Amino acid sequence: MKWRNLALLPLFAVIVLVQVLCSATDSIYYLTQLTMSAYYSLLIIGLCVLMGYAGQISMGHAGFFAIGGYLSAALTTRSLVAFQDHTLVRLLHAAGCLSAGQDIYGEPMLVVTPWAACVIAVLTAAVVALLLGIPVLKLKGHYLAMATLGFGIIIYRIVLASSYFGEADGISGVPGFTLLPGLSVNGEFSSRVENYYIAWGVLLLGMLLLRNLINSRAGRALRAIHGSIEAADAVGVDTARFKVYTFVLSAVFAALAGVLLTHYNGGIGPSEAGIMKSVRYVAIVAVGGMANLWGALIMGVVLNFLSLRGLFGSYDDAVFGLILILIMLFAPGGILTLRLGGLWERLRPKAKSGKEGAS
Amino acid sequence: MTVELFIQYLVAGITYGSIYAIVAIGFNIIYNTTGIINFAQGEFVMLGGMLSITFLHFLPLPLAIAVAVLCTMAIGAAIEILFIRWLHNPGVLRIVMITVGISILIREAALHVWGDNVHSLPYFVGNAVSTIAIFGARVSPQVLCVIGACGLMVLFLIVFFQMTSVGREMRACAANRTAAVLCGIDTRNMVTLSFILSAGIGAVAGAVMSPITYTQYDIGTGLAIKGFTVAILGGLGNSLGAVAAGLLLGVIEAFSVSVVPLAFQDAISIAILLVILFVRPHGLFGSSAAAGLKEF
């Protein structure tokens, strides 16, 4: 492990500290919202790399979240008994991807196991992102924003209009997701602490992956694209390919977040696919400072936590709209870079040049 | 399909199409003077309808619509003065996010003021069941009001941009901003004016369509997407292209109802948008050479 990954250790310490504090002060209910915030933040750090580092806006990321959440929810709850003789179902059965059981009326049930459903859902999101990304990422500015917004609306309409996805009611009764024996993503009160650590563990892993990505060859290529696409092209960066890869990667993060949060909540509703969610994610990345993974992570957790605690009441969506406007008007670099960035610049020369900086 | 049914679909398509065309022209007016796509364009339509319905409690119908349109124009001006005017060289991304934020604020404000119920104005002529026969198809007089109002607005805009000096100044500003400044045109005021104008025509469209399509706080986004589709189809900035493309999209949408379920109607026009963006981002009537000079 490289030294820069040690920067994640303080985060780990904070995660443990928060859990210990919550357990000690008998306010363990905070962990529920913190777990959900962690999953949303997983999507947000993925979007951060797309927006901040590759410089491509996506107003449709709730669509990928919904693909992940809805597919895994539908596959693990909708019985395949009626299609038992279909070749595809037989193949899945032979591969051990199906589990038989009984529904509440004692009828036989045949559903896809959570692991298989997760893989199918995330792969679907990746394929959709690839198919959408290749043509869409040729566009810039308004066009890209409108195209991704349109994609988000299509997904929203589909889940709202098809009975397979539960129409306006969404899907409920989604079973727990046993990641490893004894380690399960579910909404049971008894496994709250366990789920808190699963969520934050996944988020830490995601953070580790993205931090290493942006400091790698690919990351430098991405930043070159953001700076100037012509210049990046000129020095031999395959700009189109890197943009599409990042788009697919961020879609995978979003879909995975959708899968896990759906299993945690035990269900998903159409509002998760709505435009407002996509705009909210964009707003949070903007507040965090676009090309700032830590900013995105911190703002993702804080704002989602406050929103989930119901602090903004019925003004929830309006608050995120207002945040987006204010940040873009007054601090396009993000809240954190505004304050901490200035402080950091003042501190850094001292640390580097020692006595000179101090004098 | 019988001839009557065909005409019925056609008229429905033209009705919706003319609304889309007006929204698209609203996009074009602002785009031409500023290079900005105003994502809050659909909200002007919603405000036009909602404010008219509110003012109808105190005023007769024509006056209520007039006051509502004036109010929406004032809101359009306020948006430009508060959020756009004082930014120096903002990037496209920044403007997109600001206007998206504005559209959300307007929508949420509307939700708190008018609730999430469906509202509508009364029919201008006759009532919900009165019809006029056109080649055997039954058409509501309100439909003719919508088509007529949209046609009049297009005519008004043509006259305004071609004949009046303010209109010419706006076109100069669109064609070459620096040259316009050198000629003594205050381009900043032209930008404000473009927001006022597109808010105004959006509000008129919102008021006349309200009796047949109803007004709800969240209709703006859908209209904005479709209006944008039409603007792209017709070539961004080309208002006559927008009229043709608007009617085309409206008719396609109307006839698609006979093939796919109603719930997927929106998905169709968005799919058209995506296809057009991929295949011909300069629009059906635009030239690809000119588009090469623009930022896509």
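Two residues are in contact if their C-beta atoms, placed from the backbone, lie within 7 Å. With that in hand, here are some close-up views of this predicted model.

**View 1. Chain B meets chain A.** Here 31 residues of chain B are in contact with 31 residues of chain A. On the chain B side, the elements that give two or more residues are helix 4 (92-114), helix 9 (219-233) and helix 11 (265-279). Helix 4 of chain B supplies the largest share, 12 residues. Sorted by class, this side of chain B has 25 nonpolar, two polar and four charged residues.

**View 2. The largest nonpolar core, seen around A:A255.** This core holds 203 residues, and A:A255, A:A257 and A:V285 touch the most other members. Helix 2 (residues 30-53) of chain A gives the most to the core, with 16 residues. Now look around A:A255: once its neighbours within four places in sequence are left aside, it is in contact with A:F64, A:F65, A:I67, A:G68, A:A121, A:V122 and A:A125.

**View 3. A hairpin in chain A.** Strand 4 (residues 177-180) and strand 5 (residues 183-185) of chain A run antiparallel and are joined by three bridges. One pairing to find is A:F177, whose bridge partner in strand 5 is A:V185. Two residues sit between the strands of this hairpin, and A:G182 takes a positive phi near 85°.

**View 4. Helix 2 of chain B, end to end.** Helix 2 of chain B is mostly covered, with 13 of its 15 residues buried.

View 5. An unreviewed UniProt entry lists "transmembrane region" for several parts of chain B, including residues 6-30 and 227-252. Residues 6-30 of chain B are 100% helix and 0% strand in the model, with end C-alpha atoms 36 Å apart. Over residues 227-252 of chain B, the chain is 81% helix and 0% strand, and the end C-alpha atoms are 14 Å apart.

View 6. Residues 62-83 of chain A are 73% helix and 0% strand, with end C-alpha atoms 30 Å apart. For residues 144-165 of chain A, the values are 82% helix, 0% strand and 28 Å between the end C-alpha atoms.

Conventions
Residues numbered from 1 in each chain as written. Chains lettered and ligands numbered in written order. Predicted model: local features only at pLDDT ≥ 70, side-chain atom pairs only at ≥ 80, totals over all residues. Pairing = 2+ DSSP bridges. Helix = DSSP H or I, 4+ residues; strand = E, 2+ residues; numbered from the N terminus. Core = buried A, V, L, I, M, F, W, Y, C linked by C-beta atoms within 7 Å. Buried ≥ 20, exposed ≤ 12 C-beta atoms within 10 Å, placed from the backbone. UniProt positions renumbered as here; feature names shortened; annotations may be inferred. Nonpolar A, V, L, I, M, F, W, Y, C, P; charged D, E, K, R; others polar.
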